[in-house]
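This briefing gathers selected local features of a single structure, taken topic by topic. Please keep the sequence and the model in view while reading.

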Amino acid sequence: MATKSFVTCFVILHLLMQTASLKKYDTSRSHLDMEKDRQKSYENQSKYIIESSALPKNPKFYPTVANGYLGLRLFGDTMYVAGIYNGYHGDSHRARLPCKIPYIFNPTKNTSASVKFVQNMADGLFQVLKETKDNLTVQQTVYAHAKYVNILATEITVRTADTTSWKMLLVNMTGTLSNDIDFSQPSDVTFDKSTCPCSNQHQPYKDETCTQCKYLLTAEYIHGKTNIPEEDFSPKLQVHVMYSKYPEFLQGSLGTSEFLFLTVVGKTKEEAEYYYKKGLRRNQELFPLHTKHWNEVWGSGKIDIGGSSFSNQVLTSSLYYLLSSFSTSKARNEKYKSEFYGVSPGGLSNGGQDQDYLGHVFWDQDFWMMPALLPFYPDLVKKVILYRVQRLPQARAKAEKYGFQGAMFPWESACTGNDVCPGEDYIKREIHITGDIIHLLKQYVYITQHWAIFGERVQPFKPTYNTHFGYKNAQVLFSCKATNSPLLTAWDMLRDVALFWESRVISTSHGSQYVINDIMGPDEWHSGVNNSAFTNAVARDNLLFAAEVAKGYGICQSLAKSWRHIGRRIVIPFDEAKRYHPEFDGFVPETGSVKQADAIMLSFPLQYRMPLDVHGNDLDVYRNATTDEGPAMTWSMFCINYLELNHTKEASEMYLRQLANVQQPFLIWSEDADGSGATNFLTGIGGYLQSVVYGYLGLRIKKDRLVVTPRRLPITSSGSVERMTFSEFQYHGFVMSITVDKTLEIRLTSKHWYSNPSLCLAVSEAKSPTQRYYLCSPGEFVITELTSCYLESQTVNK
């Protein structure tokens with residue numbers, strides 16, 4: 001195996017009853033040895049730390065902090081909160097909240113101080129380090145709390161060794177209250193000194209020497225409602241904010257002084273006050289609780305690249321920015337629960353009026369971002385799936401509006417779950433998002449084997465103000481027809497999507513073929529086309545998956561028969577003479593005529609089977625036809641599909657091309673390579689991560705197996721890649737680590753099992769599939785002799 005330039009490792013996992021012994025592999029390493037290695041990996045923090053002596057010239061690329069509930073771009077006057085939008089229909093956008101952080105540095109003014117800016121992704125925070133001409137060493141730390149997501153914390157530490165007293169100006173960059181929210185005039189809320197412990201012995205605040213409590217006990221409180229509701233029948237959304245009142249100057253004496261400032265957001269005054277008091281009582285625990293949580297997150301899944309520091313930092317920052325879009329807190333018994341409102345292309349730190357797609361949720365979430373997280377964070381992917389299930393009533397209402405059955409999901413959604421896209425053309429025609437959602441559901445079920453999701457009942461998302469949206473069509477578990485049950489399941493969503501496609505297709509030639517007319521595919525430069533190759537393929541896949549699930553549960557057999565019949569006969573445009581897939585009926589490929597990845601995604605990620613020459617022709621045609629100014633994620637799909645054909649040179653070009661969208665120094669992604677478009681473009685980040693996971697690791701998720709075809713990552717300016725390690729990789733209850741070195745030797749480490757402890761990992765040669773070798777306890781083996789292999793999970797009698 002090591003002598004070959006490319007190695008294909010077929011990872012096939014399914015349940016069988018067998019017994020055997022371990023052979024041929026190194027299994028001498030103990031579980032303790034593996035844990036020691038895992039700890040060593042945390043000792044090298046360089047990939048988690050981005051340092052710069054200057055901020056970017058363009059403020060849109062300033063660093064960010066977020067936790068899935070609130071987010072902001074540093075040194076700005078704005079903070080955003082999940083679910084808080086202002087504006088009617090297509091004007092709906094994230095509502096601006098004033099961000100009252102006291103800063104120790106003003107980026108708009110020159111300063112003689114020595115300043116360093118640090119994005120610390122290991123601990124999920126941002127720091128400013130400053131040395132003043134008065135010999136003060138000042139450190140400011142800002143973080144959106146990972147456990148108590150309502151809290152934004154700012155800590156300032158001042159040290160001096162030779163100054164008996166000092167005074168330092170704080171920079172106020174708050175700006176006006178807001179154009180989106182009609183805020184009340186600020187009022188003060190005072191808290192009792194006993195609520196703020198001032199030492200590790202939890203002694204209450206007593207005097208001025210207790211600096212960390214000094215400015216916490218009086219908070220400025222504002223509250224208000226958004227100016228314009230999203231719907232005629234929806235009310236204005238309420239928000240309540242408490243800020244620690246900070247002075248114009250900080251003062252102190254010889255030694256170290258520590259100051260803490262809190263910003264707390266809630267839906268009610270009671271909620272804001274609850275978390276402000278929690279911040280007071282646990283002021284010395286906030287930072288360690290936050291960093292502990294982020295270390296646990298990184299321990300739940302990551303990708304390590306050996307040899308190229310740049311590749312390592314880009315991968316780490318990409319994961320960090322995606323994970324920051326979720327509340328990953330597992331705090332139990334919290335008094336207040338935050339709603340998940342989806343992930344927008346610019347994340348939670350962006351999306352205001354006339355920018356970053358207004359903070360709306362698109363297919364970008366389901367199709368580009370989540371597949372990158374799926375092998376490592378399936379629970380977050382499940383959260384996205386249930387987000388869609390809960391908004392099924394709104395999708396049903398949209399389908400009914402346009403005269404179709406089932407569910408037609410909005411192209412853009414914000415607060416209510418209704419379609420808030422500014423353009424009717426997209427709302428009506430860009431229907432592939434409905435299929436993209438089910439594509440993610442299918443991949444989730446295949447890799448987790450969590451088929452039980454189809455029976456998990458959830459409450460539909462019911463905005464309390466929604467009086468005109470009837471929920472009369474909510475479904476009963478595993479029903480084939482609409483009833484009056486108030487609960488919803490993933491089966492309801494899958495069935496309704498299949499019903500939508502069934503009503504959306506048009507039969508031709510007496511049912512021998514089905515077409516879908518008047519639509520828009522991912523390439524938005526062509527609207528009103530017939531038979532979009534991508535849209536038709538995803539509809540086909542949805543229908544066949546719905547039929548598969550129905551058969552597995554023994555339900556809705558007449559519907560399943562119809563779905564299979566239609567799915568197998570949906571037209572996928574094909575040019576017999578040129579042997580390629582036209583993007584739609586009548587498509588003429590012209591240089592620069594295609595906006596972004598579209599028909600090239602038939603093979604991956606849709607896994608639509610085709611001859612190798614046709615796949616190659618598709619790539620050649622669309623490489624020339626796609627504009628050079630296309631969005632970042634386009635090149636990731638070219639990269640992955642070229643790797644499928646073993647065209648490594650072309651794949652390398654595409655992999656490196658997407659990195660042009662990474663803006664220095666904090667590795668913020670722009671939608672376009674020239675820095676224009678949405679920021680921080682999580683869609684491009686998701687595509688980039690997919691190019692590593694599904695491209696250079698070569699992962700393919702099948703119903704009964706995983707397929708892995710590793711390749712070497714391209715050389716970047718910081719050097720070649722010596723190895724790739726995919727940690728906490730999850731499949732069917734297994735948690736494992738897969739390492740591929742520069743010779744493409746595969747090292748697989750099993751760590752533990754979430755489910756059946758009788759499961760073992762089995763390895764067999766493709767040439768001799770009956771010859772299996774087993775690993776039945778946590779350990780490691782190295783595949784050194786096989787040119788292809790199968791890895792299976794099997795239940796054995798130990």
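Phe75 counts as buried in this predicted model, because its relative accessibility is 6%, and the cut-off for burial is under 20%. Its phi is near 65°, a positive value in a residue other than glycine, and Phe75 is found in the loop between β4 (70-73) and β5 (78-81).

**Backbone: positive phi**
- Asp518, although it is not a glycine, has a positive phi of about 60°, and its place is in the loop between β22 and α12.
- With a relative accessible area of 28%, Asp518 is partly exposed, because this value lies between the limits of 20% for buried and 50% for exposed.

**Backbone: cis peptide bonds**
- Gln664 and Pro665 are joined by a cis peptide bond with omega of about 0°, and Pro665 is found in the loop between β23 (662-663) and β24 (668-669).
- Thr679 and Asn680 are also joined by a cis peptide bond, here with omega of about -20°, and Asn680 lies in the loop between β24 and α17.

**Helix α13**
- The 13 residues of α13 (residues 557-569) should span 18 Å at 1.5 Å a residue, which agrees with the 19 Å that separate its end C-alpha atoms.
- Leu559, Ala560, Trp563, Ile566 and Gly567 are buried in α13; seen down the helix axis, the buried residues fall within an arc of 135°, so they line one face of the helix.
- An α-helix has 3.6 residues a turn, so residues three or four places apart point the same way.
- Ser558, Lys561 and Arg568 are exposed residues on the face of α13 turned away from its buried side.
- The cover over the buried residues of α13 includes α11 (490-504), β22 (513-515) and α12.

**The second largest pocket**
- The second largest pocket holds about 1200 Å³ of space, and of the 40 residues that line it, Gln607, Tyr608, Arg609, Lys702 and Arg705 are the closest to its centre.
- At least two lining residues come from each of α10 (432-448), α12 (533-553), α14 (612-625), α15 (633-644), α17 (682-696) and β25 (700-701), and α12 gives the most, with 8 residues.
- By class, the lining of this pocket consists of 17 nonpolar, 9 polar and 14 charged residues.

Notes: Residues numbered from 1 in each chain as written. Predicted model: local features only at pLDDT ≥ 70, side-chain atom pairs only at ≥ 80, totals over all residues. Heavy atoms only, no water. 1 Å grid on protein atoms, 1.4 Å probe; cavity = no way out; pocket = protein on both sides within 12 Å on 5 of 7 lines; lining within 4 Å. Points joined across faces, edges and corners; volume = space filled by probe spheres on them. Helix = DSSP H or I, 4+ residues; strand = E, 2+ residues; numbered from the N terminus. Nonpolar A, V, L, I, M, F, W, Y, C, P; charged D, E, K, R; others polar. Expected span 1.5 Å × (residues − 1). Buried < 20%, exposed > 50% of the residue type's maximum accessible area, 1.4 Å probe, protein only. Arc of directions from axis to C-beta. Contact = heavy atoms within 4.5 Å.
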